[in-house]
Every structure is written in C-alpha cells, then in structure tokens.
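I opened this model to look up how its parts meet, and I note below what I found.

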Amino acid sequence: MRTTRRMAGGLAAVVAAGLALAACSGTPEGPDNAGGGEDVPEGATEVTFWQTQFTDEENEWYESIVDSYNESQDDVHVSLTVVPGDAWEQRMTAAQAAGNAPDVRTMNYGDIRDAARTSQIVPLTDLISEDAWGDVQENVLESVSSDGERYAYPMLVEPSAVLYYRTDLFEDAGLDGPPTSWDELIDYANQLTDDQVFGMRLAQTSVDMSWSTWGYQWNVAGHLPISEDWSEPAANEDFAPLLQAYQDLFDSGALPPGDGIGYADATPYGEGEFAMMANGSWAASQLLADYPEIAEVTEVAAMPSFSGEPGETTATLGGWTWVVDGNSEVTEEAAGFIEWSLGGDTANVVPFFEATVFSKVSPRQSVADAIAELPDVDSVNPWNATIQEDIVPFAQQEPAYPWNVSLAMGEAIEAAMQGTPVDEALATANDKIATEIANSELAGTGS
C-alpha cells in the first residue's frame, strides 16, 4: 500500500507508494492541475479532491464514489485527482504556495493535529451532522480532534503490526504455535532459518522503523519517546529491550540485510523467502490476491509482547481521513461531499471494505455492523476475526507528534541493529528529540 511517512503524506503514503506501483492514468503532471482537467457542468460548484494513490481496488472505489456523488445531484461537481504517495508532499506544497490546493484531500491521522494547529485544514465539527459524528467510535474521534474541534472525518483504521507465519514451516520445525514473547520470537526465528528461508521479516530502514515500531515502543516502555505534553525527550533505557531485540535478530542472521523492499510490501514473504513476517493488516489483501498458495499455509497472530502476556498493545491504528483545506472557498460543499461519501448511507462505503477483502476496519459502528452481517467475510479473509479480536482492541492510535520525533527513534533502532551500542543509540535519539522540541517549539503543545 504505501516511500516516506509524514514527510510524504504519512503512514498511508508509505503503503500507497509501496504497493501501488503501476502508473495511474489521470495523475496530474503538476500540482496546479488540482481539478484533473475535468469539465464542470454549467451552474455547478466545483469541489476539487486529491486522493493519495492506493491499490487498484481502492483507486476504483474512489473513482466510483466521486462519480456516484456527482450523479446524485446537480449543484456540486467533485473533480478527482490521484497523486502518487512519493510525489504527494512536493505537489501539495507547490499547490499550497500557488494558492490552488484541493478543497478536499486524504490525510492520515498522525498529521491532523499539526495541520489543525497551522490552519492548513478547517474544523468540520459544525459542517458535518451530529448523526454522522455519533456513528464514529470514540477513540477514533479523539484522533481527528484538536482543541475541542473535529478536523477530519475518518474513513478507516488498520493495525500497523500483525504477525504472519507459515504453518507448514512451523510444523516442520516442531513449533506448535506463534511466539508470545520477543524472546520466543528470536528463538523461533533462529530455528526457522535455513538455506531456503529467513526466520523473520521486520522493517529494516529507519523510515519504516519510525512508524512500524510505535506499537512495540508502547509495549516495551509503556510510553513513547517524548513526554505527554511534548516538553521533554523520553528516549530512555525503557526502550533498550526493543533495540536489543533488533540487534540480536540481525546478528543471528534470522533477520537478513535489507532488500530495498518497504515494510508495507508483503512480496518477500509471499515469494517464500521468510517463515514469519510483521506487516500491517493491509498485507492480507496482497497475500490473498497475489500469493494464494502461501496464504493457504499462513496464519496470523498479534505480534508478541515483551512480557509474553496476551492482550497488550503491539500495534497502532493508522489509516485515512478526509479533510477540507484551510483556504477552501467552498467549505460547506466540500464537507457535504465528505459526509455523503463517508458518513451517510453505509452502502457507499461497505464496497470499499469488500474490495480490500476486509483487511481494514471501519471506524463507523453502522458500517462495522453492516459488514458483520455479510455472509462471506471470514471466507474471503480467513484472518479477519483474529485481527479484529486479538489486535484491534488493544492497539493505540498513531502518535500525533512531528515526524522528526519518530524518525529519531527509527534511526536509533536501525543504528542498534547495525551494531551501535543500544545505550549510545538511545542517547543520540534523545538528543535529536530535544532538538526537535526546541526547534519546533513543541513544549506544552502535546496532550
């Protein structure tokens, strides 16, 4: 699904760039083509909409929902533009500088607070009905809110870390089930490694480590590497077991050198190169569609905890929302389109989750209920129940602090993996986070 995190549109941008490899027809040549060159019917108000490029199935849904909205009424015409994830930041920055940013755009949860703080997006609290807001899970509402206002309408959530493992290889190795602790994970990975497969696939670049390890950071330390009010760095010794685990896995050879393929892409596992893989829930759709033989011998579980106890946080919930630009001159029309598409009839959004083989989770209760009534959910995605029951309820929302805080930890984990002493790597991360706090004047701005 998605080549950088917040630097290019967030976790989802990482996934979108990683899996949506085909060129997308209709993608603009430059950021000033915000409307995609469409003809707007006479008398209609145009709302421009930029969507990050996702998988083909997701892109088709976006096109269909825009077409359906345009056909449903004559007063507003939405013009859709699809932007590759690795070009998102450049094009959005240029469009904002030129004063023609899209009225509506996709945004990941982690970017909302900063965008609200800098007035890049407008509050939607009073522009979307209370009925639509009331259908959204409370913990997700918190992720789209800042200073008492709601700035985005959520489309989906997806856990960032699921353990996929080969049951045939586990059986051959005499392993009865998935590891429940990181000590077991390292042990199993070593037992499963031979001249044909590596034991474990994890994120192996600082950028991917920066966001894919948030859940592990919560689990090992009980906190993130910055104080809750963002006044002090907190990349302390509490995180040492995580960095040590990466170092041990890499030193053992069970975690090989990086192959240039991003964390969000399940291709190496699908091609039989690994016995276990950490990946997001989105990997289910890729494995089921492209690697059915591997999928048949794959089960999933929550990533292990450092304590070995079940029901702990080992993942974060990322995903996409839709927002209205702070300089839009058609905010009511833009918000109306968002509510119709995401907050109205469940029949508008259920097809999205069907198309993505239920590898994502709806934050709307009514949509979740409608999906649960479908007869084929578990047959389409045999791992859905485990993800919904054993991972999603214990996952934390993505942190909202600036990307450089996350990157400092990602760089520390990468450095430790490559042999830097763990305490030295953490000290460097702490210094970088302190610098970010000072440079961005973060003190006291957290929650």
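How much area do domain 1 and domain 2 bury between them? I worked from a predicted model, in which local features need pLDDT of at least 70, side-chain atom pairs count only at pLDDT 80 or more, and totals for chains, interfaces and linings use all residues. Residues are numbered from 1 along each chain as its sequence is written, and side-chain values use heavy atoms, with hydrogens and water left out.

**Domain contact**

I looked up the domain assignment (bounds from an automatic or database assignment), which gives domain 1 as 45-157 + 318-396 and domain 2 as 162-314 + 402-440. About 1400 Å² is buried between domain 1 and domain 2, with 72% of it on carbon and sulfur atoms; buried area is the accessible area (1.4 Å probe) that two parts lose on being put together, summed over both. On the domain 1 side, I noted that Trp383, Phe394 and Gln396 supply 45% of the area buried against domain 2, more than any other three residues.

I then looked for salt bridges (a side-chain nitrogen of Lys or Arg within 4 Å of a carboxyl oxygen of Asp or Glu) and found zero between domain 1 and domain 2.

**Helix 10**

Next I turned to helix 10, residues 214-221, where seven of the eight residues are buried, meaning under 20% relative accessible area (1.4 Å probe, protein chains only). Helices here are DSSP runs (H or I, at least four residues), numbered from the N terminus. Among the buried residues of helix 10 I listed Trp214, Tyr216 and Val220. Just after helix 10, I noted that Gly222 takes a positive phi of about 80°.

Conventions
Buried < 20%, exposed > 50% of the residue type's maximum accessible area, 1.4 Å probe, protein only. Helix = DSSP H or I, 4+ residues; strand = E, 2+ residues; numbered from the N terminus.
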